[in-house]
Amino acid sequence: MKLKKQVTVCGAAIFCVAVFSLYLMLDRVQHDPARHQSGGNFPRSQISVLQNRIEQLEQLLEENHEIISHIKDSVLELTAHAEGQPALPHHPPNGSWVLPPESRPSFLSVSPQDCQFALGGKGQSPDLQMLAVYSLLPFDNQDGGVWKQGFDITYEPNEWDMEPLQVFVVPHSHNDPGWIKTFDKYYYDQTQHILNSMVLKMQEDPRRRFIWSEISFFSKWWDNISAQKRAAVRRLVGNGQLEMVTGGWVMPDEANSHYFAMIDQLIEGHQWLEKNIGVTPRSGWAVDPFGYSSTMPYLLKRSNLTAMLIQRVHYAIKKHFAATQNLEFMWRQTWDPDTSTDIFCHMMPFYSYDVPHTCGPDPKICCQFDFKRLPGGRINCPWKVPPRAITDANVAERAQLLLDQYRKKSKLYRSKVLLVPLGDDFRYDKPQEWDAQFLNYQRIFDFLNSRPDLHVQAQFGTLSDYFDALYKKMGIVPGMRPPGFPVLTGDFFSYADREDHYWTGYYTSRPFYKSLDRVLEAHLRGAEILYSLALAHARHASADGRYPLSDYALLSNARRNLGLFQHHDAITGTAKEAVAVDYGVRLLHSLTNLKRVIINAAHFLVLGDKDTYHHDPAAPFLSMDDTRPSQDSLPEKTVVKLDTSPRFLVVFNPLEQERLSVVTMLVDSPHVHVLSEEGRPLPFQLSATWSSATEVVPDVYQVSVLARLPALGLRVLQLHRSLDGHATLRSSTRLYLHGRDLPVRKPEAVPLQVFPAAADDFCLENQHLQACFSGHSGLLQSIRRAGEEQGHRVSSEFLVYGTRTSKDKSGAYLFLPDGEAKPYAPKNPPVVRVTEGPLFSEVASYYEHVQTMVRLYNVPGVEGLSLDVSCLVDIRDHINKELALRFSTDIESDTTFFTDLNGFQIQPRRYQRKLPLQANFYPMPAMAYIQDMQSRLTLLTAQALGVSSLRSGQLEVILDRRLMQDDNRGLGQGLKDNKRTCNRFRLLLERRTTANKSSGFFSKLVSMFKALGFPGTRTGSPEVQDERPISFPSLLSHITSMHLNAEALVMPVALEKPAVPALRSFVPLATTLPCDFHILNLRTLQAEDDSLPSTEAALILHRKGFDCSLEAKNLGFNCTTSQGKLVLGGLFQGLELGSLQPTSLTLMYPLGTASNSTNIYLDPMEIATFRIRLG
């Protein structure tokens, strides 16, 4: 009774606080000064302010209602739990399994201030919005003459009389860290010779310049050169002859890469440069990625770079920007309310970054100035006019010809400063080429510069030389917006280089490795955080002498292997087969090493008595959760052998929020009990382990336990052998053979019913959802949310795309389908297996080329609010086919859909009917959704794949592609090395609370004002406003995505340990982090000896932007939001925060002075790095 009183008092207090907060908020809304209105007369802006306030008021009222209902639920749950604890789920007759109420109620209230950000409305509209540009362009591909994809360029000879043309020729060599050859083979055959020649040849003439970007190659070369050569390199960098551009480990793909890995490879490169050469990159250089994400300019800007360059953009956009002199712009984030994310961007105008396409519009002329192609060499000019060596006799005529191209190119830009790259793939690998290019060009420059009447000054330059000259001409400091230059928002997907050749195939190519990439990424993040915490606790306990510091070298190697795989021919799936194997071997090697790092850290952290810690590399204390026999095999879960003595397990939760999850392990006996570390029984479900549609694995059982896992922490569990089988919660299975005569191997301890025919349609449900399936296909048909009368049609089907019969066919890069997809028609109907149990139920459908599993968790909170969907795909007997999964719904999404960029932000998309089918596919590294006024359906993914919405209410994803031919982009191979690949998803259906707004009195008032001719602030559909197209996932969607991508790791204590020392769960965080804060990384920094750790770490935080308009009830997270405020001081339990220094993203620049205050503030969407010392 006493507890009941406490609960009631606590509930009433929370209620009062909520009401008082609402009063304060309303008061704030009343006094909120009017937002800056762009344009508009006095009454219009007043109406607009009124409308904003009305909307805020409605939202506040709605949120207050939510808060009160949460309190009611919470008090009821607490009371129910206090009166008696049904510890285990129970199964009423003819009903679904019922779970006991949660011992800790879910209480989530989001402050209305934290909802304002997603509503947008602040800031000025950009001059160029890429969605609007796409709507505007005809994409008619007219013949432009010598510049085939452009137009004729003309100029007046005296245009430069007042202001001479300033030309910077920038020598470069594009080195792919793996493509046709492996990374190492390229290094030994070409790259080392390029860099060796560079040191030699640059010193011959101080006017020579060179730029380099891939630190992966540069660091390998550095390790192999003498101290003298290193000193020469530092001199060349110091005097401005050699510039390190971007400075990442690689030049990453921007479509499939996840922002964790993009940042990590940037830090790896920048830290290497700072430590070895003492230089900080200033300009970005990305000539080869196949389309560009707006995430990259944000990361470069936050790393303190002031300008960047891009090249592979759709030829129609290049032509349009060239015609309007918009090829240079300030690139701004769509969500940026001011100008803090602006970075100056230069877009190259022509087809390629090679010499024929960089001096001007006519490749036939430009090719004559690529002096590697002088007669007698290995390569020539396809336009049949070879270069001629420059002599006194021909210099005047050759210089005039080249100057004409320079002038024409300069007409496409706003300034009289011109950038002319000079290079190509793996150029400058022989001293003869250095001589041919540098000596001939210098003769041309000397001639041009000696003729004042030509009004030109030409020289070799680095990328930053060009940008600096441009800033100087404009009279501004680097990084500022030059007067008159446009602001652009949006991204540059999808890319086409000619005709209808869209590079949208590589969004899915080699999905096996795209998936392995994300598994490695999740392990790297987990290992970094756990290692940093273990090291800090070891130092705190003065046990760091016994801790394996050598694990740091394994972490460092994994960072570099993950970084290498972000390269634009690696994660893209566009390298030769042998190169893909080389990447795979590296990824698997690092994955195995990271499991070791995690095991060693977990071992130390769970020991009750740290003095007993002993690291034995030959006999690790914990076993791995799973193993992969080779780089192209799927993981095989470790089977825990039960013994008379209890088996202990350590479960690691890599999320920064506590989670209530179903944790699955395999055991060798059905006679099992699961206990907490204190010995309390935990609810678990016993299921069979299936090796095929109809066969179980003998003597292996799946134990799925419901466990609450501490944030970033380790939970200790016990497995006991038990002879009492009655208390075990077994799942029951129905197997529908669909008329097929198949032998069935039945499990011994789990009930199974076999039906020779197909099933009738059936449903699975939990407390949140009901999912209904077709008995015939076993595939999803509809989803109904709890409390709703009507379900939503959400039907799934498999489809197959073919490729064209013409000469141009799909390949690793290109998607060139032979029309719309056709239904997948397997030879045999599927075997459907339905499993129902207390903690989860699932439907498995076995087709010839794909096994699909849809699982519904019967768990309170996040896990139970979405469907877990996985597809095991094997299309190794297909020829020129691509397998797609399509969801068709009754959501009225029209032509709008949304895809993420790098797991960092959402980009609205429109299906463009004027473009071919393949042009409407986009990358989906983390999620895609469709919505109308009532609902949003989100497909969350654990691996990057291509996605589209080809009709209203549809969402489809390409699962795998098998293509027998090259697509003429240099690879020289098709995609024939397909693997058995498991694609994992979550399907989340949410109700949008904006649906209720239309019935409100205030909304009617606003409509009345609009009818009187006062336009509101929004135009068009609320999903996509042309001025500022912007959208955000809900908090639930963010957290579901993290659950999907960062699975809990289960590590059994190794069997050989006779006496297990006392183990205690490890809870590292003293307070709950706000829901919208994500610890992106806690990365221990290297010491002077780069194989050892220093005492400092980089804490990288991301505050996520989220949309409050999606109904959030019983979410099961016990966090709230804090208007971006966080106290880091007491965050880590048992550790002191020795120092806290805010820095630029990659730690190159301190931001402000290190203060004693540990209070930090982050704006929504921002990522911030702090140099910290824990101990």
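Predicted model: local features only at pLDDT ≥ 70, side-chain atom pairs only at ≥ 80, totals over all residues.
**The whole protein**

The protein has 1175 residues, of which 62% count as buried. Its secondary structure comprises 19 helices and 48 strands.

**Spaces inside**

Let us look at the cavities next. The structure holds 18 of them with a volume of 30 Å³ or more, and the largest cavity contains about 390 Å³ of space. A total of 27 residues line this largest cavity, and those closest to its centre are His258, Tyr259, Ser1041, Met1042 and Lys1104. Several elements each supply at least two lining residues: the helices α8 (259–276), α15 (511–540) and α19 (1035–1045), along with the strands β35 (905–910) and β43 (1077–1086).

Helix α5 (residues 183–202) packs with helix α6 (residues 215–222) at an angle of about 75°, and their axes lie 10 Å apart. Angles of 65 to 115 degrees count as roughly perpendicular, so α5 and α6 are roughly perpendicular to each other. On the α5 side, the contact includes Phe183, Tyr186, Tyr187, Tyr188 and Leu195. The α6 side brings Ser216, Phe217, Phe218, Lys220 and Trp221.

| Site | Nonpolar | Polar | Charged |
|---|---|---|---|
| Contact of α5 with α6 | 10 residues | four residues | two residues |

**A mostly covered helix**

Our last stop is helix α10 (residues 315–323), which is mostly covered, with seven of its nine residues buried. The buried residues in α10 are Tyr315, Ala316, Ile317, Lys318, His320, Phe321 and Ala322. What do they pack against? The buried residues of α10 have as partners the helix α4 (130–136) and the strands β1 (128–129), β7 (328–331), β8 (343–347) and β11 (487–489). After α10 comes Gln325, which has a positive phi, near 55°.

Key
Residues numbered from 1 in each chain as written. Heavy atoms only, no water. 1 Å grid on protein atoms, 1.4 Å probe; cavity = no way out; pocket = protein on both sides within 12 Å on 5 of 7 lines; lining within 4 Å. Points joined across faces, edges and corners; volume = space filled by probe spheres on them. Helix = DSSP H or I, 4+ residues; strand = E, 2+ residues; numbered from the N terminus. Axes fitted to C-alpha atoms, helices over the stretch in contact; angles between N-to-C directions. Parallel < 35°, antiparallel > 145°, perpendicular 65-115°, else oblique. Contact = heavy atoms within 4.5 Å. Nonpolar A, V, L, I, M, F, W, Y, C, P; charged D, E, K, R; others polar. Buried < 20%, exposed > 50% of the residue type's maximum accessible area, 1.4 Å probe, protein only.
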